[in-house]
Amino acid sequence: MWAELLPVGRSAASGGYRRFAWNAADAECRAWFEQQARDRGLAYELDRNGNQWAWLGDPEAGGAVVTGSHLDSVPDGGAFDGPLGVVSSFAALDELRARGARFARPLAIVNFGDEEGARFGVACIGSRLTAGVLSREAAYELRDADGVRLPDAMERAGQDPTAIGADGERLARIGAFVELHVEQGRRLAEDQPVGVASAIWPHGRWRFDFHGEANHAGTTRIEDRRDPMLTYATTVLAARKKARLAGALATFGKVAVEPNGTNAIASLVRGWLDSRAADEATLTALVEEIERAAAERGERDGVRVGLTRESYTPVVDFDGPLRDRLARVIGAKGGLGGAPVLPTGAGHDAGILASAVPTAMLFVRNPTGVSHSPAEHAETADCLAGVTALADVLEDLACQ
């Protein structure tokens, strides 16, 4: 399975992946998922929001145990973020069948659409729509860098955009959701290949608009300039400093410039801030400080600064009893007192669903600590340990 997915959407130039929502690579990944489901005799289903489901047992019976992740990527992302969870879910089912497990509850494997938000700027669109966190009206307003609206992209890919929206009936069928994911960082110890998530830091995305005045780079005196690039650059440095002092994270990873000419002073610079912190009060204060620093510098530069919050996810504490149960199961099977429990600063579909269903996450050790990059990695032995851990968890939750 892993070898089949590796070439899909991979850039020959960067070695990274460009599997964006509703593009050709995404379609190929979706076809792969459907084939894996049918090869195992599972009931395949595409829901109203474009998420894919593979069912063992009757979905209508309720109390289903669901596992899975996503198959899309960030621009030039790595091979493991998302796909490891989906591949491991199918592999865990294979292992359970090899054990002769008898299922007492329905089991489903899911591929949530557009988790990374690389194309339309909002993360976890598939799960947000399902949970009602993102409204149909707001989703219809989303556009990619080429101005293509989300519903138009869905329609071109063969999905009915008129059906999207909250799916409470589906969520009511789920008794527990467990998502396996490659670790994003290096918290797991050398002798602990699998851990359990405790919580997800609150995080969000903010767009800063720096409005200046376009002019000639070779004839405009320094003192006559209203250069938004200068204000933007100073804001990037301020964000780094303030985040470090707060023990938080702030990253400007995307920028757009108009008119984007080498010999022209820009008229507009847009910079997208990704910020995360251990608690919501710290995050709110941090963004306010960055905004204040941008405005103060803008006043000196003759640049007007605007701020728009594009997405926000509050702190997510995963279901305590489910989290502890997973840690005990994995620890007992591995001869340990319990699996390590650790927080994460990364958002996931599991975090979106946590407000509606009991949710938990497993992490597979990443020796490099690198994620959202072609350098992202997990050793084969650790991936197999993750499959076994997931199988043990699913057996405890879904089998007699």
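Start with the lining of the largest cavity. Nine names here: Trp 22, Arg 30, Asn 49, Gly 113, Asp 114, Ile 125, Gly 126, Leu 129 and Met 154. Keep in mind that this is a predicted model. The space inside that cavity is about 50 Å³. By class, the lining splits into four nonpolar, three polar and two charged residues. Which helix gives the most to this lining? Helix α4, residues 125–131, with three residues. How many cavities of 30 Å³ or more does the count give? One.

Trp 22 is one of the lining residues of the cavity. Trp 22 sits in the loop between α1 (2–5) and α2 (24–39). Its phi is near 65°, so we have a positive value in a residue other than glycine, and Trp 22 counts as buried at 13% relative accessibility.

There is another residue of this kind. Asp 76 is not a glycine either, yet its phi is positive, about 55°. Asp 76 lies in the loop between β3 (64–70) and α3. Buried or exposed, or in between? Asp 76 is partly exposed, with a relative accessible area of 23%. The cut-off for buried is under 20%.

One more backbone point. The peptide bond from Glu 258 to Pro 259 is cis, with omega near 0°. Where is Pro 259? In the loop between β9 (249–258) and β10 (264–265).

Now the second largest pocket. Its volume is about 260 Å³. The lining has 14 residues, and the closest to the centre are Trp 2, Leu 84, Thr 380, Cys 383 and Leu 384. Two elements give two or more residues to that lining: α3 (83–99) and α12 (380–398). Ten of the lining residues are nonpolar, three are polar and one is charged.

Leu 84 takes us to Val 182. Leu 84 is among the residues that Val 182 touches, leaving aside neighbours up to four places away in sequence. What else does Val 182 touch? Phe 80 and Asp 81, then Phe 363, Val 364 and Asn 366, then Glu 376, His 377 and Ala 378. Val 182 belongs to strand β5, residues 174–182. Val 182 is buried, with a relative accessible area of 0%. Look also at Trp 206, which is 24 residues from Val 182 along the chain. The C-alpha atoms of Val 182 and Trp 206 are separated by 26 Å.

Last, the chain as a whole. The secondary structure comes to twelve helices and 15 strands. The radius of gyration is 22 Å, close to the 21 Å of the globule rule for 400 residues, so the chain is as compact as a globular protein of that length. Along the principal axes, the C-alpha atoms fill a box of roughly 80 × 45 × 40 Å.

How much of the chain is buried? Buried residues make up 51% of the 400. The accessible surface is about 17,100 Å². Carbon and sulfur atoms hold 49% of that surface.

Notes. Residues numbered from 1 in each chain as written. Predicted model: local features only at pLDDT ≥ 70, side-chain atom pairs only at ≥ 80, totals over all residues. Heavy atoms only, no water. 1 Å grid on protein atoms, 1.4 Å probe; cavity = no way out; pocket = protein on both sides within 12 Å on 5 of 7 lines; lining within 4 Å. Points joined across faces, edges and corners; volume = space filled by probe spheres on them. Helix = DSSP H or I, 4+ residues; strand = E, 2+ residues; numbered from the N terminus. Nonpolar A, V, L, I, M, F, W, Y, C, P; charged D, E, K, R; others polar. Rg over C-alpha atoms; globule rule 2.2 N^0.38 Å. Buried < 20%, exposed > 50% of the residue type's maximum accessible area, 1.4 Å probe, protein only. Areas by Shrake-Rupley, 256 points an atom, 1.4 Å probe, with all protein chains shown as cover. Contact = heavy atoms within 4.5 Å.
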